[in-house]
Amino acid sequence: MRLQTIVFLGVALLAGSVFAEDATKVKEKGEKQKKDKNVISLFDGKTLKGWKSTNFGGEGEVLVSDGSLVMEVGSDMTGITWQDAKVIPRSNYEITFQAMRVNGFDFFCGLTLPIQKGYGSLICGGWGGGVCGLSSIDSYDASENETTSYREFKAKQWYKFRIRVTDEQINAWIDDEEILDVPILDHKFTVRIEVEASKPLGFCTWQTTGALKDIKLRKLTKADLEKKPETKE
């Protein structure tokens, strides 16, 4: 009996040691990620710090609720614009975030962002609810250029978004499925007059309540640019 007790205690101590070591590794990994100078968190989940409600005229309220940034339905648009243009690079960066259509029938995610010397708007769920694409390429909207695609978006469901701008390409993914792959050379990128106020970086909705969270910007390193982005097969 005494031998069994000693063995049991030894196993317990060993398990405790392994657990503590794993916990230390997780903590160190978390601290390392926090120290990544290339990542900028654009939303703290508590306040609208860094943002302001976009003056579209007829916009709904912008607020923080349950850790999400909510853009309530407007007539016709509601949005937020980032205030510090110096933080936003014009190329070689990625923006990741989650977005949800809370209610409404049109786009719940309209992200305007720099594309080198120009700007563009990633539109998801537009033109009646299902059109995705980039506005505008050579003056053609998301509904009528090479990026046009269709997707069903369920209300009150979060979707993960990633958009990547480099000197050569602009790519975007929804839940790791690529929806944009556009060469930048020989194209002119502009935005519609309705979203001019969203520059240099802004989100908006159209006759729809949308929610955002986990908004992050990451400046791409040389190693990132040399590595092909991972996509869902």
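Analyst: Happy to! Let's begin with a pair of side chains: E94 and R164 meet in a salt bridge, at 3.0 Å from N to O. Please keep in mind that this is a predicted model.

User: What makes the contact between E94 and R164 a salt bridge?

Analyst: The cut-off is a side-chain nitrogen of Lys or Arg within 4 Å of a carboxyl oxygen of Asp or Glu. The N to O value for E94 and R164 is 3.0 Å, so the pair qualifies. The two residues come from distant parts of the chain: E94 is in strand β6 (residues 93-104) and R164 is in strand β11, 70 residues apart. Both E94 and R164 are buried.

User: How many salt bridges does the structure hold?

Analyst: The structure holds 8 salt bridges. One of them joins the side chains of R192 and D141, at 2.6 Å from N to O. This pair also links distant parts of the chain, with R192 in the loop between β13 (177-183) and β14 (202-206) and D141 in the loop between β9 (131-135) and β10 (149-150), 51 residues apart.

User: Why is D141 called buried? And why is R192 called partly exposed?

Analyst: Buried means under 20% relative accessible area, and exposed means over 50%. D141 has 13%, so D141 is buried. R192 has 35%, which falls in between, so R192 counts as partly exposed.

User: How do you know that D224 and R218 form a salt bridge?

Analyst: Their side chains meet at 2.7 Å, N to O. The limit is 4 Å, so this pair passes the test. D224 is buried, with a relative accessible area of 13%, whereas R218 is partly exposed at 25%. Elsewhere, salt bridges that share partners join E94, R162 and R164 into one network.

User: Where is T166, and why is T166 called buried?

Analyst: T166 sits in the loop between β11 (158-165) and β12 (169-174). The relative accessible area of T166 is 8%, and the limit for buried is under 20%, so T166 is buried.

User: Which residues does T166 touch?

Analyst: Leaving aside residues up to four places away in sequence, T166 touches S91, N92, Q116, I184, L220 and L225.

User: What is the phi of Q207, and where is Q207 found?

Analyst: Q207 has a positive phi of about 50° although Q207 is not a glycine. Q207 is found in the loop between β14 and β15 (208-219). Its relative accessibility is 27%, between the 20% and 50% limits, so Q207 counts as partly exposed.

User: What is omega for the peptide bond from K199 to P200?

Analyst: Omega is near 10° there, and the bond from K199 to P200 is cis. P200 has its place in the loop between β13 and β14.

Methods:
Residues are numbered from 1 along each chain as its sequence is written. This is a predicted model: local features need pLDDT of at least 70, side-chain atom pairs count only at pLDDT 80 or more; totals for chains, interfaces and linings use all residues. Side-chain values use heavy atoms; hydrogens and water are left out. Helices (H or I, at least four residues) and strands (E, at least two) are DSSP runs, numbered from the N terminus. Buried means under 20% relative accessible area, exposed over 50%, partly exposed in between (1.4 Å probe, protein chains only). Contact means heavy atoms within 4.5 Å.
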